[in-house]
Amino acid sequence: MTDITRLTAAEIADRLTRKEISSVEATQAHLDRIAAVDGDVHAFLHIDSEGALAAAREVDDRRSKGEALSPLAGVPIAVKDVVATQGQPTTAGSKILEGWIPPYDATLVSRLRAAGLPILGKTNMDEFAMGSSTEHSAYGPSHNPWDLERIPGGSGGGSAAAVAAYEAPLAIGTDTGGSIRQPAAVTGTVGAKPTYGGVSRYGLIALASSLDQAGPCTRSVLDAALLHEVIGGHDPMDSTSIDAPVPPVIAAARKADIKGLRIGIVKEISGEGFQPGVQQRFEESVQLLVDRGAEVVEVSCPTFKQGLAAYYLILPSEASSNLAKFDAMRYGLRVSPEGVDSPSAEQVMAASRDAGFGDEVKRRIILGTYALSSGYYDAYYGQAQKVRTLIARDFAAAFEKADVLVSPTAPTTAFKLGDKLDDPMAMYLNDVATIPANLAGIPGLSLPSGLADEDALPAGFQILAPATRDDLMYGVGAALEAALFEKWGGPLTPPELTSATAEPTAKEALR
Amino acid sequence: MTTTTADAVLPYDEVLEKYDPVMGLEVHVELGTATKMFCGCATGFGADPNTQTCPVCLGLPGALPVVNAVAVESAIRIGLALNCQVAEWCRFARKNYFYPDMPKNFQTSQYDEPIVFEGYLDVELDDGEVFRVDIERAHMEEDTGKSLHVGGSTGRIQGADYSLVDYNRAGIPLVEIVTKPIQGTGERAPEVARAFVATLRDLLKALDVSDVKMEQGSMRCDANVSLMPKGATKLGTRTETKNVNSLRSVERAVRYEMCRHAAVLDGGGSILQETRHWHEDTGVTTSGRPKSDADDYRYFPEPDLVPVAPSRELVDRLRTTLPEPPAERRKRLQSAWGYSDLEMRDVMNAGAVEIIQETVAAGASPAAARKWWTGELARRANNEGKSVSDFNVTPAHVAELDGMVTAGRLNDSMARQVLEGVIDGEGSPTAVADARGLELVQDDGALEAAVDQVIADNPDVADKVRDGKVQAVGALIGQVMKAMKGQADAAKVRELLVQRLTS
């Protein structure tokens with residue numbers, strides 16, 4: 001029998017429905033896989049074998065009684081550690097929340113539990129989702145299953161790596177500037193950022209509230225759509241949640257019809273500055289869409305050039321405020337300053353924050369505090385918000401000409417761990433293609449478009465759709481995926497991971 | 001213990017000779033909604049610490065606010081009652097600063113986009129003069145938690161062994177009403193301040209949006225005071241006296257700050273812009289923290305909340321729910337009841353308008369209703385340190401009592417005894433009168449006999465009356481009443497005595 005962990009979520013669900021396998025078997029298979037390879041990949045920060053198996057047993061039990069179950073019932077899943085899980089640690093990759101166990105579930109976690117998806121554990125991430133490589137995790141980096149010396153993308157590198165390494169068929173990511181799509185691109189997986197407000201943010205430890213969006217990390221477009229339907233939909237606990245039904249994403253992914261669809265290539269996010277191999281795979285994919293009946297138009301979004309700058313003002317501004325609550329007083333890390341006899345609350349707070357926050361987090365808090373300060377607000381935050389409006393207008397104009405927009409997801413394939421750690425600007429540039437969608441609140445999807453010739457590493461293809469038309473991007477994604485699978489004879493498969501493939505010394509050096 | 005050397009103050013008349021006061025009042029009102037501003041937690045006062053909390057009002061990582069629609073409606077109704085404009089679209093903002101009992105370390109408030117703005121409130125002073133106070137804005141925000149400092153002798157953080165925080169109050173909806181600078185009050189500034197807060201309190205009570213209990217902190221006033229030398233046009237430096245929690249204190253605090261400012265300015269000093277704390281016991285303010293215009297709260301629009309955009313239909317509907325403005329209502333009732341200005345003011349000051357209205361509705365005459373509630377009952381309540389509402393006396397009781405007096409069944413002193421019985425829980429006035437045997441004697445035979453007996457027993461006094469000293473009859477009336485055990489109509493007794501001695 002095929003190794004369960006090599007199956008897509010849809011395939012596992014199918015076998016569960018036909019009772020060929022049980023959820024306990026599927027869950028155990030993934031727990032075994034985690035035990036075998038996570039020492040190298042380090043996708044997980046916390047593994048909940050007991051809880052996952054208990055949930056699996058319960059869903060098996062319900063199935064045996066003939067109860068009506070959700071389509072993904074019994075399929076295990078991993079959840080990014082920025083999402084609150086009742087009774088299980090949630091750290092957002094930060095020391096400051098080490099050991100914090102939320103007393104409540106995020107809405108999307110409640111929905112996973114209600115739909116019977118066993119939660120395998122919590123995945124690694126850049127601290128408070130700040131980063132594009134998962135090297136900013138306080139608990140050490142995750143490794144790209146395609147090459148353990150390379151980054152798995154960020155901030156959701158743990159979720160993407162877990163899915164790429166067959167440790168989980170499904171994972172939850174969050175995408176503030178590309179943290180679902182960029183890791184998907186560099187790990188050869190599928191990542192979808194729904195329309196802003198399409199999945200509740202209640203229980204997501206906020207990075208930048210106006211940009212954050214949770215979504216699926218999977219190995220197929222259909223799996224992403226299936227998961228999207230489980231976690232999506234209106235939540236009265238989140239004021240910014242869209243009060244409308246989830247768009248018909250599963251139907252769109254199954255239909256995969258692109259005849260007559262206008263595909264817009266955004267001039268500003270392809271071509272120059274993109275790795276040749278990445279660009280080449282992108283162009284071939286566009287051709288495949290044309291072969292399948294789509295029409296291609298070139299569109300221009302001139303203000304995208306300012307998108308990165310606007311993003312790196314808005315994000316730190318909101319983050320500086322969102323992270324103010326971590327004061328070491330009520331939960332998480334508390335550090336007493338050295339050499340002070342009876343320290344004041346302020347001294348304890350300062351010492352705790354110094355010890356509890358990493359450099360990237362401190363950098364952005366300071367940047368955001370400065371940008372919001374009186375006298376600077378108009379010049380920075382205010383200007384950035386204006387750029388945001390212009391970007392939304394650029395998108396609106398582009399969507400007049402095209403039904404969906406496409407680009408490479410990330411400018412390069414996975415770089416080596418440590419390569420850009422000392423160069424924040426170079427790191428920030430990794431999200432240049434994904435950020436505009438967050439600024440405008442529109443949905444985006446990344447799927448693998450093949451391996452770049454230079455390094456035989458995965459390249460990502462990004463599809464953007466108008467707000468609330470998530471179904472469109474799933475339809476195009478599924479059509480492209482089918483065309484690519486036909487060309488390749490199946491999905492891309494990373495090299496086999498055997499234990500101790502990574503040099504332990506190299507890993508240690510990075511911590 | 002606040003150890004302070006008393007500040008110098010200038011006598012009030014001297015202050016006014018040299019300076020014009022300018023005030024700005026900020027009144028915080030806790031709304032009486034069933035749930036908090038941004039979550040579904042209960043808002044009851046006095047619950048065990050931290051029993052009315054959830055991830056949202058505790059500011060736990062990941063939790064998100066959702067606006068309480070009832071609080072928005074209350075804020076709009078307050079705005080309409082203050083003659084304000086209602087924003088068609090407004091937002092919440094984050095006010096970022098650190099405070100130990102503020103769980104998110106930012107307060108969700110409104111900054112440059114308040115829900116209502118640009119209104120006024122007409123305030124009537126004791127002598128009937130009406131002063132118009134312009135309203136700058138009223139905005140919505142959330143309350144903070146409460147710190148309790150344990151150990152140490154003062155209950156303040158200095159010297160405490162540790163501090164506890166109760167988050168039950170965190171997230172309770174507040175509306176902050178901010179006046180424009182109030183100028184031109186002259187010597188009446190303290191009085192205007194008190195009257196403004198009092199009028200606002202009555203208005204909010206009539207709107208039924210808050211219990212406006214200043215002593216419990218559900219309504220608190222910050223008073224900004226500055227002085228301008230006579231003839232100057234530039235505003236002076238202000239101080240902000242925080243959380244003044246009674247009407248009397250508002251008046252005293254404003255007056256005190258005027259006198260203190262004047263002393264500083266006269267001495268060639270300058271006023272430090274700062275917050276001040278009011279001390280009820282000593283009647284002085286002490287320095288709080290320095291406050292500058294440069295306080296940087298790093299306001300920005302709250303990204304976790306969608307904008308508030310009240311429809312015009314909603315605003316129109318809310319307008320129909322406004323009560324009659326207290327001032328107009330007062331005029332209408334005074335005229336209907338035939339009270340003098342003084343009588344009406346007594347009734348207002350006693351807070352007895354509602355109860356008198358109910359008593360009159362139950363059949364009592366307005367004069368009797370006023371007499372009982374602001375007289376006998378108020379006096380007794382005052383003596384016992386209670387409020388009239390603590391007694392078992394209802395408007396219907398008072399109306400019944402008045403009916404018995406009017407029908408000649410009780411005289412005044414008997415009516416007081418009946419009322420005492422009602423207060424003691426002996427039942428309705430009729431039941432008390434029956435049980436205690438209180439009923440004016442209507443039998444003329446017994447009365448005439450008593451009159452004749454008293455005349456016979458007091459020949460000297462009787463002769464004086466016969467000689468024309470009619471006022472001497474009082475002594476005889478007393479004797480007759482005593483003989484009748486008080487259960488006689490004094491007027492009738494007098495009539496009989498005079499008849500016997502002068503005919």
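**Interface between chain A and chain B**

A salt bridge links Arg201(A) to Asp304(B), with 2.8 Å between the closest N and O atoms. The model in which this pair is found is a predicted one, and the count of salt bridges between chain A and chain B is 1. Polar contacts across the interface of the two chains amount to 14 residue pairs, with both residues of each pair at pLDDT 80 or more.

On the side of chain A that touches chain B, the elements giving two or more residues are helix H10 (307-322), helix H11 (345-356) and helix H12 (359-372) of chain A. Of these, H10(A) provides the largest share, with 4 residues. Sorted by class, this side of chain A comprises 17 nonpolar, 11 polar and 8 charged residues.

In terms of extent, 36 residues of chain A are in contact with 28 residues of chain B, and the area buried between chain A and chain B is about 2,500 Å², with carbon and sulfur atoms giving 58% of that area. Ser239(A), Lys325(A) and Arg330(A) together supply 22% of the area that chain A buries against chain B, which is more than any other three residues supply.

With regard to annotation, an unreviewed UniProt entry lists residues 25-471 of chain A as "domain: Amidase".

Methods. Residues numbered from 1 in each chain as written. Chains lettered and ligands numbered in written order. Predicted model: local features only at pLDDT ≥ 70, side-chain atom pairs only at ≥ 80, totals over all residues. Heavy atoms only, no water. UniProt positions renumbered as here; feature names shortened; annotations may be inferred. Contact = heavy atoms within 4.5 Å. Buried area = accessible area lost by both parts, 1.4 Å probe. Salt bridge = Lys/Arg side-chain N within 4 Å of Asp/Glu carboxyl O. Polar contact = N/O pair within 3.5 Å; in protein donor to acceptor, adjacent residues only side chain to side chain. Nonpolar A, V, L, I, M, F, W, Y, C, P; charged D, E, K, R; others polar.
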